Amino acid sequence: MQDSHPTLPSLALPPAIAVSGSAHDPLSLRTYPEPAHPYRSAFVRDTGRILHAKAFRRLAGKTQVFTRRGAESDHSRSRLTHTLEVAQIARTIAATLGLNATLAEALALVHDIGHPPFGHAGEKALDSALKAHGLGFDHNLHALRTVASFEERYAAFRGLNLTLAVREGIIKHSRDYSAAAHPELSEYFLDQLPPLEAQLIDLADEIAYLTADLEDGLAAGILDLELVRDKIPFFADFYTQAQAQFPAASTQMLSNEALKQMLNALVTDLMEETARQVSSIGATTLDEIRKAPQRLAQLSQPIEAQRSQAKKFLYANLYLSPALDSEHIHAEEVIQTLFSAWTANPELLPFDHQTRVAEEGAPRAVADYIAGMTDAYIEQAWSTYLASQNSL
(Lines give C-alpha, C1' and ligand atoms only; values in the text may rest on other atoms or scores of the structure.)
Protein backbone atom coordinates (compact mmCIF):
# COMPACT_ATOMS: atom_id res chain seq x y z
CA MET A 1 0.00 0.00 0.00
CA GLN A 2 1.30 3.46 -0.90
CA ASP A 3 1.58 6.08 1.85
CA SER A 4 -0.92 8.93 1.50
CA HIS A 5 -0.06 12.59 2.00
CA PRO A 6 -0.36 13.29 5.74
CA THR A 7 -2.13 16.66 5.49
CA LEU A 8 -4.28 16.40 2.40
CA PRO A 9 -7.63 14.71 1.95
CA SER A 10 -7.44 11.77 -0.40
CA LEU A 11 -6.54 12.95 -3.87
CA ALA A 12 -6.46 9.48 -5.38
CA LEU A 13 -7.89 9.49 -8.89
CA PRO A 14 -10.05 6.70 -10.31
CA PRO A 15 -7.79 3.63 -10.58
CA ALA A 16 -8.34 3.13 -14.31
CA ILE A 17 -6.67 6.49 -15.03
CA ALA A 18 -3.27 5.16 -13.99
CA VAL A 19 -1.09 3.23 -16.43
CA SER A 20 -1.52 -0.32 -15.17
CA GLY A 21 1.94 -1.68 -15.81
CA SER A 22 0.56 -5.17 -16.23
CA ALA A 23 2.29 -7.53 -18.60
CA HIS A 24 -0.79 -7.47 -20.86
CA ASP A 25 -0.93 -3.66 -21.13
CA PRO A 26 0.29 -2.50 -24.58
CA LEU A 27 2.21 0.27 -22.83
CA SER A 28 4.33 -2.40 -21.12
CA LEU A 29 5.48 -3.81 -24.46
CA ARG A 30 9.06 -3.46 -25.69
CA THR A 31 10.42 -3.13 -29.22
CA TYR A 32 12.13 -6.49 -28.80
CA PRO A 33 9.91 -8.95 -26.91
CA GLU A 34 11.31 -10.19 -23.60
CA PRO A 35 9.86 -12.67 -21.12
CA ALA A 36 8.31 -11.16 -17.99
CA HIS A 37 10.58 -11.03 -14.94
CA PRO A 38 9.49 -13.26 -12.03
CA TYR A 39 9.48 -10.47 -9.42
CA ARG A 40 10.17 -7.12 -11.17
CA SER A 41 7.48 -5.20 -13.06
CA ALA A 42 8.14 -3.75 -16.50
CA PHE A 43 8.61 -0.21 -15.18
CA VAL A 44 10.82 -1.32 -12.29
CA ARG A 45 13.06 -2.93 -14.90
CA ASP A 46 13.02 0.28 -16.97
CA THR A 47 14.09 2.27 -13.92
CA GLY A 48 17.00 -0.11 -13.38
CA ARG A 49 18.06 0.07 -17.01
CA ILE A 50 18.07 3.87 -16.94
CA LEU A 51 20.04 4.00 -13.68
CA HIS A 52 22.69 1.63 -15.07
CA ALA A 53 23.01 3.42 -18.43
CA LYS A 54 26.25 5.20 -19.30
CA ALA A 55 24.27 8.22 -20.48
CA PHE A 56 22.68 8.48 -17.03
CA ARG A 57 26.05 8.37 -15.30
CA ARG A 58 27.32 11.13 -17.58
CA LEU A 59 24.68 13.48 -16.17
CA ALA A 60 26.96 13.86 -13.14
CA GLY A 61 29.40 15.74 -15.38
CA LYS A 62 26.91 17.95 -17.21
CA THR A 63 25.96 21.52 -16.37
CA GLN A 64 22.65 22.39 -14.79
CA VAL A 65 23.26 26.16 -14.47
CA PHE A 66 26.91 26.54 -13.50
CA THR A 67 29.71 24.90 -15.47
CA ARG A 68 32.69 23.36 -13.69
CA ARG A 69 34.73 26.38 -14.79
CA GLY A 70 32.27 28.87 -13.28
CA ALA A 71 30.87 27.15 -10.20
CA GLU A 72 32.17 28.44 -6.89
CA SER A 73 30.81 25.58 -4.81
CA ASP A 74 30.87 21.80 -4.85
CA HIS A 75 27.20 21.97 -3.87
CA SER A 76 25.78 23.43 -7.09
CA ARG A 77 23.46 21.04 -8.88
CA SER A 78 24.56 18.94 -11.83
CA ARG A 79 22.14 17.41 -14.31
CA LEU A 80 22.30 14.24 -12.24
CA THR A 81 21.43 15.76 -8.87
CA HIS A 82 18.66 17.80 -10.51
CA THR A 83 17.30 14.61 -12.10
CA LEU A 84 17.22 12.82 -8.76
CA GLU A 85 15.30 15.73 -7.21
CA VAL A 86 12.76 15.64 -10.05
CA ALA A 87 12.35 11.88 -9.55
CA GLN A 88 11.59 12.34 -5.84
CA ILE A 89 8.97 15.00 -6.59
CA ALA A 90 7.40 13.04 -9.43
CA ARG A 91 7.10 9.85 -7.41
CA THR A 92 5.46 11.71 -4.52
CA ILE A 93 2.90 13.36 -6.80
CA ALA A 94 2.10 10.14 -8.66
CA ALA A 95 1.72 8.11 -5.47
CA THR A 96 -0.57 10.70 -3.88
CA LEU A 97 -2.78 10.81 -6.99
CA GLY A 98 -2.92 7.02 -7.20
CA LEU A 99 -1.01 6.95 -10.47
CA ASN A 100 1.80 4.57 -11.43
CA ALA A 101 4.61 5.97 -9.26
CA THR A 102 7.23 3.64 -10.72
CA LEU A 103 6.49 4.82 -14.26
CA ALA A 104 6.62 8.44 -13.10
CA GLU A 105 9.99 7.80 -11.46
CA ALA A 106 11.37 6.17 -14.61
CA LEU A 107 10.24 9.12 -16.72
CA ALA A 108 11.79 11.60 -14.30
CA LEU A 109 15.09 9.72 -14.29
CA VAL A 110 15.28 9.75 -18.09
CA HIS A 111 13.82 13.20 -18.81
CA ASP A 112 17.21 15.01 -19.14
CA ILE A 113 19.30 12.17 -20.53
CA GLY A 114 19.42 13.81 -23.98
CA HIS A 115 20.95 17.12 -22.87
CA PRO A 116 24.38 18.07 -24.25
CA PRO A 117 27.25 19.55 -22.19
CA PHE A 118 27.21 23.18 -20.98
CA GLY A 119 23.50 23.23 -20.15
CA HIS A 120 21.08 25.32 -22.21
CA ALA A 121 23.95 27.33 -23.69
CA GLY A 122 25.36 24.09 -25.11
CA GLU A 123 22.00 23.03 -26.46
CA LYS A 124 21.49 26.40 -28.14
CA ALA A 125 24.95 26.26 -29.72
CA LEU A 126 24.47 22.71 -31.00
CA ASP A 127 21.06 23.55 -32.44
CA SER A 128 22.53 26.59 -34.19
CA ALA A 129 25.36 24.52 -35.66
CA LEU A 130 22.93 21.94 -37.03
CA LYS A 131 20.59 24.54 -38.50
CA ALA A 132 23.37 25.56 -40.87
CA HIS A 133 22.88 22.07 -42.36
CA GLY A 134 19.08 22.20 -42.42
CA LEU A 135 18.84 20.17 -39.21
CA GLY A 136 18.23 20.92 -35.54
CA PHE A 137 18.82 19.62 -32.04
CA ASP A 138 15.95 18.58 -29.75
CA HIS A 139 16.98 17.02 -26.44
CA ASN A 140 13.78 14.93 -26.23
CA LEU A 141 14.41 13.37 -29.62
CA HIS A 142 18.05 12.87 -28.76
CA ALA A 143 17.05 11.18 -25.49
CA LEU A 144 14.92 8.71 -27.45
CA ARG A 145 17.82 7.98 -29.79
CA THR A 146 20.09 7.50 -26.80
CA VAL A 147 17.93 4.88 -25.08
CA ALA A 148 16.80 3.23 -28.32
CA SER A 149 20.13 2.96 -30.08
CA PHE A 150 23.24 4.51 -28.55
CA GLU A 151 23.30 2.56 -25.29
CA GLU A 152 24.92 -0.86 -25.81
CA ARG A 153 24.45 -3.18 -22.85
CA TYR A 154 22.62 -6.18 -24.29
CA ALA A 155 23.76 -8.83 -26.75
CA ALA A 156 20.24 -9.36 -28.10
CA PHE A 157 19.48 -5.78 -29.17
CA ARG A 158 20.73 -2.21 -29.39
CA GLY A 159 19.57 0.30 -26.85
CA LEU A 160 17.82 -0.31 -23.54
CA ASN A 161 14.62 -1.77 -25.04
CA LEU A 162 12.45 0.34 -22.74
CA THR A 163 8.68 -0.03 -22.60
CA LEU A 164 6.39 1.88 -24.92
CA ALA A 165 5.09 3.93 -21.96
CA VAL A 166 8.57 5.23 -21.11
CA ARG A 167 9.50 5.91 -24.73
CA GLU A 168 6.23 7.78 -25.28
CA GLY A 169 6.86 9.80 -22.12
CA ILE A 170 10.39 10.72 -23.23
CA ILE A 171 8.93 12.26 -26.37
CA LYS A 172 5.77 13.84 -25.00
CA HIS A 173 6.38 14.83 -21.37
CA SER A 174 7.14 18.48 -22.18
CA ARG A 175 5.70 19.13 -25.62
CA ASP A 176 3.55 17.77 -28.43
CA TYR A 177 4.88 16.64 -31.81
CA SER A 178 2.83 16.60 -35.00
CA ALA A 179 2.61 13.46 -37.10
CA ALA A 180 3.16 15.53 -40.25
CA ALA A 181 6.47 16.91 -38.99
CA HIS A 182 7.64 13.70 -37.34
CA PRO A 183 6.32 10.61 -39.15
CA GLU A 184 9.10 8.58 -37.49
CA LEU A 185 7.26 9.00 -34.17
CA SER A 186 3.97 7.55 -35.39
CA GLU A 187 3.93 4.73 -32.80
CA TYR A 188 3.72 7.23 -29.94
CA PHE A 189 0.04 8.22 -30.27
CA LEU A 190 0.80 11.73 -31.54
CA ASP A 191 -2.91 12.48 -31.92
CA GLN A 192 -3.49 11.86 -28.20
CA LEU A 193 -2.29 13.40 -24.94
CA PRO A 194 0.20 11.40 -22.85
CA PRO A 195 -0.85 9.69 -19.61
CA LEU A 196 -0.82 11.80 -16.45
CA GLU A 197 2.37 10.07 -15.31
CA ALA A 198 4.13 11.72 -18.27
CA GLN A 199 2.23 15.01 -18.07
CA LEU A 200 3.31 15.69 -14.49
CA ILE A 201 7.04 15.35 -15.29
CA ASP A 202 7.31 18.73 -16.98
CA LEU A 203 5.90 20.57 -13.97
CA ALA A 204 7.88 18.45 -11.51
CA ASP A 205 10.95 19.54 -13.49
CA GLU A 206 9.87 23.21 -13.34
CA ILE A 207 9.28 23.01 -9.59
CA ALA A 208 12.61 21.31 -8.95
CA TYR A 209 14.78 23.73 -10.88
CA LEU A 210 12.86 26.84 -9.82
CA THR A 211 13.61 26.31 -6.15
CA ALA A 212 17.03 24.71 -6.68
CA ASP A 213 18.30 27.43 -9.01
CA LEU A 214 17.24 30.12 -6.55
CA GLU A 215 19.23 28.28 -3.89
CA ASP A 216 22.29 27.80 -6.10
CA GLY A 217 22.14 31.36 -7.41
CA LEU A 218 22.02 32.79 -3.88
CA ALA A 219 24.86 30.50 -2.75
CA ALA A 220 27.02 31.58 -5.71
CA GLY A 221 26.45 35.25 -4.91
CA ILE A 222 24.93 35.95 -8.33
CA LEU A 223 21.46 36.51 -6.87
CA ASP A 224 20.98 39.13 -4.18
CA LEU A 225 18.70 38.06 -1.33
CA GLU A 226 16.99 41.43 -0.97
CA LEU A 227 16.33 41.58 -4.71
CA VAL A 228 14.86 38.07 -4.62
CA ARG A 229 12.59 39.07 -1.74
CA ASP A 230 11.55 42.23 -3.58
CA LYS A 231 10.87 40.63 -6.96
CA ILE A 232 9.47 37.24 -5.94
CA PRO A 233 6.58 37.76 -3.48
CA PHE A 234 6.03 34.01 -3.33
CA PHE A 235 9.49 33.61 -1.80
CA ALA A 236 9.20 36.78 0.30
CA ASP A 237 6.01 35.64 2.04
CA PHE A 238 7.58 32.37 3.15
CA TYR A 239 10.79 34.16 4.15
CA THR A 240 8.80 36.53 6.38
CA GLN A 241 6.98 33.60 7.96
CA ALA A 242 10.32 31.90 8.63
CA GLN A 243 11.68 35.07 10.25
CA ALA A 244 8.72 35.16 12.63
CA GLN A 245 9.12 31.47 13.50
CA PHE A 246 12.93 31.46 13.75
CA PRO A 247 14.00 35.01 14.71
CA ALA A 248 17.57 33.95 15.58
CA ALA A 249 18.18 32.00 12.35
CA SER A 250 20.77 33.11 9.79
CA THR A 251 19.70 34.50 6.43
CA GLN A 252 20.85 31.26 4.80
CA MET A 253 18.65 29.17 7.08
CA LEU A 254 15.72 31.52 6.50
CA SER A 255 16.23 31.20 2.74
CA ASN A 256 16.33 27.44 3.08
CA GLU A 257 13.04 27.48 5.00
CA ALA A 258 11.41 29.75 2.42
CA LEU A 259 12.55 27.58 -0.49
CA LYS A 260 11.38 24.43 1.26
CA GLN A 261 7.93 25.95 1.78
CA MET A 262 7.84 27.18 -1.82
CA LEU A 263 8.55 23.70 -3.08
CA ASN A 264 5.92 22.17 -0.82
CA ALA A 265 3.31 24.74 -1.89
CA LEU A 266 4.01 24.15 -5.58
CA VAL A 267 3.85 20.36 -5.26
CA THR A 268 0.67 20.48 -3.18
CA ASP A 269 -1.00 22.84 -5.63
CA LEU A 270 -0.01 20.66 -8.59
CA MET A 271 -1.58 17.61 -6.97
CA GLU A 272 -4.77 19.41 -5.97
CA GLU A 273 -5.22 21.22 -9.29
CA THR A 274 -4.57 18.08 -11.34
CA ALA A 275 -7.21 16.23 -9.31
CA ARG A 276 -9.61 19.15 -9.82
CA GLN A 277 -8.97 19.20 -13.59
CA VAL A 278 -9.62 15.47 -13.88
CA SER A 279 -12.81 15.81 -11.86
CA SER A 280 -13.98 18.77 -13.95
CA ILE A 281 -14.21 16.63 -17.09
CA GLY A 282 -15.48 13.55 -15.24
CA ALA A 283 -12.60 11.39 -16.47
CA THR A 284 -12.39 7.90 -15.01
CA THR A 285 -10.14 6.11 -17.54
CA LEU A 286 -6.77 6.60 -19.19
CA ASP A 287 -8.49 6.80 -22.58
CA GLU A 288 -10.46 9.84 -21.37
CA ILE A 289 -7.24 11.46 -20.13
CA ARG A 290 -5.69 10.93 -23.56
CA LYS A 291 -8.70 12.49 -25.32
CA ALA A 292 -9.12 15.45 -22.97
CA PRO A 293 -9.19 18.91 -24.60
CA GLN A 294 -5.91 19.87 -22.91
CA ARG A 295 -3.27 18.54 -20.54
CA LEU A 296 -4.77 18.06 -17.08
CA ALA A 297 -1.58 18.14 -15.00
CA GLN A 298 -1.61 21.83 -14.13
CA LEU A 299 -0.99 24.40 -11.44
CA SER A 300 -3.87 26.60 -10.37
CA GLN A 301 -3.95 30.03 -12.00
CA PRO A 302 -2.75 31.99 -8.93
CA ILE A 303 0.16 29.61 -8.27
CA GLU A 304 1.03 29.41 -11.97
CA ALA A 305 1.26 33.21 -12.00
CA GLN A 306 3.67 33.04 -9.03
CA ARG A 307 5.76 30.35 -10.73
CA SER A 308 5.89 32.29 -13.99
CA GLN A 309 6.97 35.47 -12.19
CA ALA A 310 9.77 33.62 -10.40
CA LYS A 311 10.94 31.98 -13.62
CA LYS A 312 11.09 35.32 -15.44
CA PHE A 313 13.18 36.67 -12.58
CA LEU A 314 15.62 33.76 -12.88
CA TYR A 315 16.02 34.30 -16.62
CA ALA A 316 16.72 37.99 -16.19
CA ASN A 317 18.98 37.71 -13.16
CA LEU A 318 20.59 34.24 -13.30
CA TYR A 319 20.37 32.33 -16.57
CA LEU A 320 21.11 35.45 -18.66
CA SER A 321 23.17 37.18 -15.99
CA PRO A 322 26.28 39.04 -17.13
CA ALA A 323 28.13 36.96 -14.51
CA LEU A 324 27.58 33.90 -16.71
CA ASP A 325 28.23 35.61 -20.08
CA SER A 326 31.78 34.32 -20.32
CA GLU A 327 30.59 30.76 -19.70
CA HIS A 328 27.95 31.01 -22.42
CA ILE A 329 30.41 32.52 -24.89
CA HIS A 330 32.92 29.79 -24.13
CA ALA A 331 30.29 27.07 -24.58
CA GLU A 332 29.27 28.45 -27.96
CA GLU A 333 32.89 28.76 -29.13
CA VAL A 334 33.83 25.24 -28.06
CA ILE A 335 30.79 23.53 -29.57
CA GLN A 336 30.68 25.53 -32.80
CA THR A 337 34.41 25.11 -33.44
CA LEU A 338 34.56 21.38 -32.69
CA PHE A 339 31.36 20.76 -34.64
CA SER A 340 32.77 22.51 -37.72
CA ALA A 341 36.16 20.78 -37.45
CA TRP A 342 34.71 17.28 -37.04
CA THR A 343 32.00 17.75 -39.67
CA ALA A 344 34.67 18.73 -42.17
CA ASN A 345 36.90 15.85 -41.04
CA PRO A 346 34.67 13.03 -39.73
CA GLU A 347 37.64 10.66 -39.77
CA LEU A 348 38.67 12.39 -36.53
CA LEU A 349 35.65 10.90 -34.77
CA PRO A 350 35.94 7.67 -32.76
CA PHE A 351 35.35 4.62 -34.95
CA ASP A 352 31.87 3.83 -33.62
CA HIS A 353 30.74 7.34 -34.49
CA GLN A 354 32.41 7.21 -37.89
CA THR A 355 30.16 4.29 -38.79
CA ARG A 356 27.13 6.53 -38.23
CA VAL A 357 28.35 9.08 -40.76
CA ALA A 358 27.35 6.85 -43.69
CA GLU A 359 23.94 6.24 -42.10
CA GLU A 360 22.99 9.76 -41.07
CA GLY A 361 25.56 12.17 -42.45
CA ALA A 362 28.47 13.88 -40.74
CA PRO A 363 26.51 16.77 -39.12
CA ARG A 364 24.14 14.48 -37.25
CA ALA A 365 26.86 12.00 -36.31
CA VAL A 366 29.04 14.81 -34.96
CA ALA A 367 26.11 16.31 -33.04
CA ASP A 368 25.35 12.94 -31.48
CA TYR A 369 28.98 12.62 -30.40
CA ILE A 370 29.08 16.09 -28.87
CA ALA A 371 25.70 15.69 -27.16
CA GLY A 372 26.95 12.64 -25.29
CA MET A 373 29.97 14.43 -23.84
CA THR A 374 30.34 15.68 -20.28
CA ASP A 375 31.62 19.20 -19.68
CA ALA A 376 35.03 17.86 -18.67
CA TYR A 377 35.33 15.60 -21.71
CA ILE A 378 34.50 18.32 -24.22
CA GLU A 379 36.96 20.65 -22.47
CA GLN A 380 39.61 17.96 -22.93
CA ALA A 381 38.68 17.60 -26.60
CA TRP A 382 38.85 21.38 -26.96
CA SER A 383 42.32 21.51 -25.43
CA THR A 384 43.50 18.73 -27.75
CA TYR A 385 42.06 20.58 -30.75
CA LEU A 386 43.77 23.84 -29.79
CA ALA A 387 47.08 22.03 -29.31
CA SER A 388 46.76 20.45 -32.75
CA GLN A 389 46.09 23.85 -34.34
CA ASN A 390 49.03 25.47 -32.56
CA SER A 391 51.36 22.75 -33.84
CA LEU A 392 50.53 23.45 -37.47
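## How H14 and H16 pack

In this predicted model, helix H14 (residues 325-344) packs against helix H16 (residues 362-371) at an angle of about 135°, and their axes sit 9 Å apart. That angle makes H14 oblique to H16. The crossing of H14 past H16 is right-handed.

Who does the touching here? On the H14 side you'll find Ile 335, Phe 339, Trp 342 and Thr 343. From H16 come Ala 362, Pro 363, Val 366, Ala 367, Tyr 369 and Ile 370.

## Thr 343, on the H14 side

Thr 343 is found in helix H14 and is worth a look in your viewer. What does Thr 343 touch, leaving out residues up to four places away in sequence? The list is His 133, Ala 362, Pro 363 and Val 366. Take Pro 363 from that list: Thr 343 and Pro 363 are 20 residues apart in sequence, yet their C-alpha atoms are 5.6 Å apart in space.

Is Thr 343 buried or exposed? With a relative accessibility of 16%, Thr 343 counts as buried, because the cut-off for buried is under 20%.

H16 is largely enclosed by the rest of the structure, because 10 of its 10 residues are buried. The buried set includes Arg 364 and Asp 368 as well as residues such as Ala 365 and Ala 371.

What packs around H16? Its buried residues pack against H14, as described above, and also against helix H5 (119-131), helix H6 (139-150), helix H15 (351-360) and helix H17 (375-390).

## Two loop residues with positive phi

Asn 161 isn't a glycine, but it has a positive phi of about 55°. You'll find Asn 161 in the loop between H6 and helix H7 (164-172). Asn 161 is buried, with a relative accessible area of 5%.

Phe 189 also isn't a glycine, and its phi is positive too, at about 55°. This one lies in the loop between H7 and H8. Phe 189 is partly exposed, with a relative accessible area of 27%; that value falls between the 20% and 50% cut-offs, so "partly exposed" is the label.

Thr 83 lies in helix H3 (residues 79-96). At 0% relative accessibility, Thr 83 counts as buried. Setting aside neighbours within four places in sequence, Thr 83 is in contact with Phe 56, Leu 59, Ala 108, Leu 109, His 111 and Asp 112.

Over in helix H8 (residues 196-219) there's Glu 206. How does Glu 206 score for burial? Its relative accessible area is 11%, so Glu 206 is buried. Which residues does Glu 206 touch, once those up to four places away in sequence are left out? The answer is Arg 307 and Lys 311.

The mean pLDDT of the chain is 93, and 96% of its residues reach 70 or more. Over residues 1-6, though, the pLDDT is below 50, and beyond near neighbours in sequence this stretch has 6 contacts in the model.

Terms used: Residues numbered from 1 in each chain as written. Predicted model: local features only at pLDDT ≥ 70, side-chain atom pairs only at ≥ 80, totals over all residues. Heavy atoms only, no water. Helix = DSSP H or I, 4+ residues; strand = E, 2+ residues; numbered from the N terminus. Buried < 20%, exposed > 50% of the residue type's maximum accessible area, 1.4 Å probe, protein only. Contact = heavy atoms within 4.5 Å. pLDDT = per-residue confidence, 0-100. Axes fitted to C-alpha atoms, helices over the stretch in contact; angles between N-to-C directions. Parallel < 35°, antiparallel > 145°, perpendicular 65-115°, else oblique. Left-handed = near helix turned anticlockwise from the far one by under 90°.
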